[in-house]
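Colleague: Could we take a close look at one part? I would like to go through the ligand site slowly.

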Amino acid sequence: MKNLILIGFMGAGKTTVGKLLAREKEMLFVDTDERIVSEQGREIPDLFSEKGEEYFRDLETDLLERMLEDTDQAVISVGGGMPVRERNRKLLRSLGLVVYLSATRQTILERVKNDGSRPMLSGGDLERKVEQLMREREALYRQTAHIDVRTDGRSVRQVLKIIGQETRKFG
Ligand code: S3P
């Protein structure tokens, strides 16, 4: 099978779901944030503060380009901002089947409110930031994904089951 790629807003559950999905399907698990941190030897907040967002976005694009050459049969969880660039949206769809893990603003807020590790949400009014970014990104997530799986009120197990059912339709 091709790669399975999980996209969605921060706090949508991409990493948690991705790890379990990979284990269930006996596939390799790749998390683009983790790869970038290990390759750069710096945490994401440090990369943002030292080099800026555009630099981080370039690293994301570069990683996707390399994965297109060398990654197969993997579950790939990507950072929430990955589909913002048009080039990345194309690369993601070329890499495999793209699953959008969606959630309402309330659910996202609950999941990210005590987490200080996300520079896109740090400083200022969290609710407004989440609302604005979700508004900017929602359509981009939808146009990138082959499959949309809502996660609100669902356990990880239920989400995994739905992903299994939906991906089977793609053979
Ligand atoms: C970002 C999401 C983060 C990480 C970085 C930027 C974003 O990943 O890539 O902080 O712009 O949405 P998660 O979605 O795994 O939190």
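How far is an oxygen atom of the ligand from an N or O atom in the side chain of aspartate 33?

Modeller: The distance is 2.7 Å. Keep in mind that this is a predicted model, where local features need pLDDT of at least 70, side-chain atom pairs count only at pLDDT 80 or more, and totals for linings use all residues. Residues are numbered from 1 along each chain, and side-chain values use heavy atoms, without hydrogens or water.

Arginine 118 makes another: a polar atom of its side chain lies 2.7 Å from a ligand oxygen. Glycine 81 uses its backbone instead, with a polar atom 3.2 Å from an oxygen of the ligand. The protein covers 94% of the 380 Å² of accessible area that the ligand has on its own (Shrake-Rupley method, 1.4 Å probe).

Now step back to the whole shell. In total, 13 residues surround the ligand (a heavy atom within 4 Å). Lys14, Asp33, Arg57, Arg118 and Arg137 are the closest. By class, the shell holds five charged residues (Asp, Glu, Lys, Arg), five nonpolar ones (Ala, Val, Leu, Ile, Met, Phe, Trp, Tyr, Cys, Pro) and three polar ones (the others, Gly among them).

Where does the ligand sit? Its space is the largest pocket. A pocket is an open set of points on a 1 Å grid, with protein on both sides within 12 Å along at least five of seven lines. A molecule sits there if more than half of its atoms lie within 2 Å of those points.

Technical notes: Polar contact = N/O pair within 3.5 Å; in protein donor to acceptor, adjacent residues only side chain to side chain. 1 Å grid on protein atoms, 1.4 Å probe; cavity = no way out; pocket = protein on both sides within 12 Å on 5 of 7 lines; lining within 4 Å.
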